[in-house]
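Student: I'd like a close look at one part of this model, namely a charged pair and whatever surrounds it. Could you go through it in one connected answer?

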Amino acid sequence: STQLLRMSEDCDLLGPFSWLVQFVLVFLSFSSLVLKRYFEFPRRHWIVWLMDTSKQAAAATSEHFINLLLASLFGGDGKGDPCVWYFVSGFMGFAFGTPFAYVMVQVVSKIAKRFHIAPLIDTGVYNSDEDGPPLISWWATQCTTWLLIIVLQRICIGLLFSVDGIHHVLGIFGSWVLWPVQTSESLKIIAVMIILPVSINCLEFWIQDNFLMEQDKKRRIRRESRASSSMLHMSSLELGAASPRYKHLSD
């Protein structure tokens with residue numbers, strides 16, 4: 001409930017200010033993936049890029065709400081500071097969750113090869129035909145699988161939080177990180193939902209994007225080369241049709 005997730009008077013993670021801060025976090029985090037695309041070679045087509053990053057968007061949304069749940073379970077009802085546990089949940093999602101997710105993607109790929117589940121053999125590939133268009137069904141299969149991996153990852157993190165020794169150490173660590181902003185609820189929310197997550201999430205998104213995108217660089221180069229040639233050919237046809245002066249280009 002909202003009352004449970006509010007958790008304390010000095011850290012309201014569901015208040016209007018918190019939601020505004022969360023929208024800023026989402027914008028900044030995914031802007032980093034747009035920037036990453038411009039440094040790629042070969043650069044992914046926008047449709048493929050959107051398919052790749054939308055998997056992360058869906059997972060990030062589920063992660064956010066699971067982090068709120070973990071913060072309520074371990075920091076609510078006077079058990080601790082919910083802002084501390086929201087930060088710790090995000091930090092553990094990067095430090096423990098990213099390697100865990102990478103291993104799980106590799107495991108899923110091996111299982112898919114063994115049982116000939118084509119959409120899951122190569123993540124970031126959305127059609128077995130290099131010349132064919134991306135298939136929504138392949139994307140949906142990969143996206144669902146990625147969401148299940150993220151949910152399993154968060155369950156494991158929650159189980160780690162339940163271990164007394166680990167819970168105690170992580171609580172001390174989170175309190176130490178947030179100590180400079182303990183006296184201000186607004187500064188604390190900005191710290192746990194923008195300042196710290198932007199640095200963590202941007203790095204996490206970049207790393208995850210690297211293993212969620214298509215790994216065969218030679219195949220990506222061939223696909224992009226054919227796409228570019230096709231666009232040039234279509235442009236020449238349009239140009240020739242529009243002006244007799246360039247008609248020879250379309251002959």
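Are Arg154 and Glu63 buried or exposed?

Tutor: Both are buried: Arg154 is, and Glu63 is too. Buried here means under 20% relative accessible area, with exposed being over 50% and partly exposed in between, using a 1.4 Å probe and protein chains only. Before we go on, keep in mind that this is a predicted model, where local features need pLDDT of at least 70, side-chain atom pairs count only at pLDDT 80 or more, and totals for chains, interfaces and linings use all residues. Residues are numbered from 1 along each chain as its sequence is written, and side-chain values use heavy atoms, with hydrogens and water left out.

Now the pair itself. Side chains of opposite charge can pair when their charged atoms come close. Arg154 and Glu63 make one, with their closest N and O atoms 3.2 Å apart. Arg154 sits in helix α6 (residues 136-161) and Glu63 in helix α3 (residues 46-75), so this pair ties together parts that are 91 residues apart in sequence. Helices are DSSP runs of H or I, at least four residues long, and strands are runs of E, at least two, numbered from the N terminus.

The salt-bridge rule gives a count of seven in total. One of them joins Asp52 to Arg44, closest N and O atoms 2.8 Å apart, and both Asp52 and Arg44 are buried. Another links Asp81 with Lys188, where the closest N and O atoms are 2.8 Å apart. Asp81 lies in the loop between α3 and α4 and Lys188 in helix α8 (residues 185-212), so parts 107 residues apart in sequence are tied together. Asp81 and Lys188 are buried as well. Shared partners also join Lys36, Glu40, Arg44, Asp52 and Asp209 into one salt-bridge network.

The axes of α3 and α4 come within 8 Å and cross at roughly 135°; axes are lines fitted to C-alpha atoms, for helices over the stretch in contact, and angles run from 0 to 180 degrees between N-to-C directions. The two helices are therefore oblique, as angles under 35 degrees count as roughly parallel, over 145 as roughly antiparallel, 65 to 115 as roughly perpendicular and the rest as oblique. Contact means heavy atoms within 4.5 Å, and the residues making it include His64, Leu68 and Phe74 of α3 along with Trp85 and Tyr86 of α4. That α3-α4 contact divides into seven nonpolar, five polar and no charged residues. Ala, Val, Leu, Ile, Met, Phe, Trp, Tyr, Cys and Pro count as nonpolar, Asp, Glu, Lys and Arg as charged, and the others, Gly among them, as polar.

Leaving out residues up to four places away in sequence, Thr98 touches Gly93, Gln153, Glu204, Ile207, Gln208 and Phe211.

Zooming out, the protein has nine helices and zero strands, and 44% of its 251 residues count as buried. Among contacts with a separation of 6 or more, 71% come from residues 24 or more positions apart.

Key:
A salt bridge is a side-chain nitrogen of Lys or Arg within 4 Å of a carboxyl oxygen of Asp or Glu.
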